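Trainee: I have a model open and want to learn to read it. Where do we start?

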Amino acid sequence: MTSVLYDVPGPKARRISLIGSVIGTVVIVGLLAWIAMTLAQQGIFEGRRWAIFTRGDVWMLLGNGLGATLSAAAVAAVIAFPLGLMLCLLRISLVAWIRIPTRVVLEFLRGMPVVLMMLFVLLGFGTSQFVAVVTGLVLYNLAIFAEILRAGIQSLPKGQREAGLTIGLTSFQSRMFIELPQAIRRMMPSLVAQLVVLLKDTSLGYIVAYGELLRAVQVMADFLGNAFLFPIFFVAAAIYIAINICVSRIAVWIERRGSKKAAGGVAPAMIRTGLEGAGNDPVAKNIVPGPDKK
Amino acid sequence: MDVIIENLPLYWNGFLRTLFLSVVSGIIALVLGTLLAAARVSPVAALRGFSTVYVEVLRNTPLTIAFFFAAIVLPRLGVKFEQFEIAAIIALSAYTAAFIAEAVRSGVNSVALGQAEAARSIGMNFGQVLSLIILPQALRTVIPPLINILIALVKNSSVAGAFFVLELFGYGRQMANANGDQVMTVLLGVAFFYLLITIPLGILASTVERKVAIAR
């Protein structure tokens, strides 16, 4: 698509683009150099500031922080997914007095800041920080998981459910054995993308004083002195970003693999473009025989 | 209930501050995000590269890290702010811009190929194709996801409350500490004010989505 936006560059345009690229690179490198200079004036690059990373206890504290981050995320994800699944089923229930209250609850959970829920659990129920962080994450993410799965079930062709009911499955059995497995597979990229969000949101634990990675940075900076804040922060941020990029990559990979597999089947995007084509394309209209031409 | 009525002025101040943070960061992020999306599809390789790296890194950075950087690391490096609001706005808009850039880019990709081809065949250059033909159509299709990003922005602004900005969450924390016996009521009040912004926006998003779906 992107190459459609401009002509294949000729010699002149290539030259201009090259000059543009060079200038752009110089500007960006200049900016980075200016930042580096400013940092250097603060003495950020002195060896002694980075020498702390040769100490084992610094890495141990960072490792503890990372462990706290990952364990909160893992526990929250494992609890939130089945709950989200359950609420998804309640949300699309045929019984109005189950469906509507569930919808209200889900809207409420989706509209609240996660950190507020963490604080609510922490202060309201007097739990430990870990429980507060996990509960906050679970409450928010189960609502998102439920919505993703609902979108997945509703994107299935109607015939799936009808066929299930026809062969004598109950409504619940059709949901469980026919629709949900397909919905989960179809929504896999969104579900993994939500895991990245969940992992990122564990950093909100910093605000309720849960001892996760960022809190470990703060504690070390307070203990070792401000001079070491930047190096420690830099390394911690790099760890966070590296983990998140890895999980994001997995999501992209699953998406690619899924779309390749579905190429012969019914990927939702294909249904949509197919309909658009039939509506707007005069050639397609001619192929479909009108009732009057018979 | 009495706690909420007594502290209504505080709630109101916090609500206005949250609204202010969200609106200002939202506008900056929309402009920055659209520019980033334009850079992402431009013929100049350096711009494409910069935009890609920016979006990848910021999208995978936890918001708390962005705030920590803007509010705690930057001042200690010598970049002083008059008010912490400025740090909050920098963190929020830089973070949100990455998501907006991705949404706009997917909108650009959803515009039919023939549109760009037609525009180019009548002699438009890249800037004209993008600004006159593609972006107006792309922005229209991505309005629902953009509203969802703005809802997330409103909720994300609560992180500012932990970094020395007194907005809804910040006041909520203060009031919860002051009224230790009625923590639940106080925080439910805070939740109510957040829902006052996020639920109407959510309804707006689904209405627009339905309208767009019918129009296509």
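Mentor: Start with pLDDT, the predictor's confidence in each residue, from 0 to 100. Chain A has a mean pLDDT of 81, and 87% of its residues reach 70 or more. This is a predicted model: local features need pLDDT of at least 70, side-chain atom pairs count only at pLDDT 80 or more, and totals for chains, interfaces and linings use all residues. Residues are numbered from 1 along each chain as its sequence is written, while chains are lettered from A and ligands numbered from 1 in the order in which they are written.

Trainee: Which elements of chain A have the lowest and the highest mean pLDDT?

Mentor: Elements are DSSP runs, numbered from the N terminus: helices (H or I, at least four residues) and strands (E, at least two). In chain A, helix H13 (residues 282–287) is lowest at 35, and helix H6 (residues 129–154) is highest at 93. Over residues 263–294 of chain A, pLDDT stays under 50.

Trainee: How do I check the length of helix H10 of chain A?

Mentor: Expected span is 1.5 Å times one less than the number of residues. H10(A) (residues 213–224) has twelve residues, so it should span 16 Å; its end C-alpha atoms are 16 Å apart, which agrees. Just after H10(A), Gly225(A) takes a positive phi of about 110°.

Trainee: How many residues of chain B are in contact with chain A?

Mentor: Contact means C-beta atoms, placed from the backbone, within 7 Å. By that rule, 45 residues of chain B touch 42 of chain A. H10(B) gives the largest share of chain B's side, ten residues.

Key: Contact = placed C-beta atoms within 7 Å.
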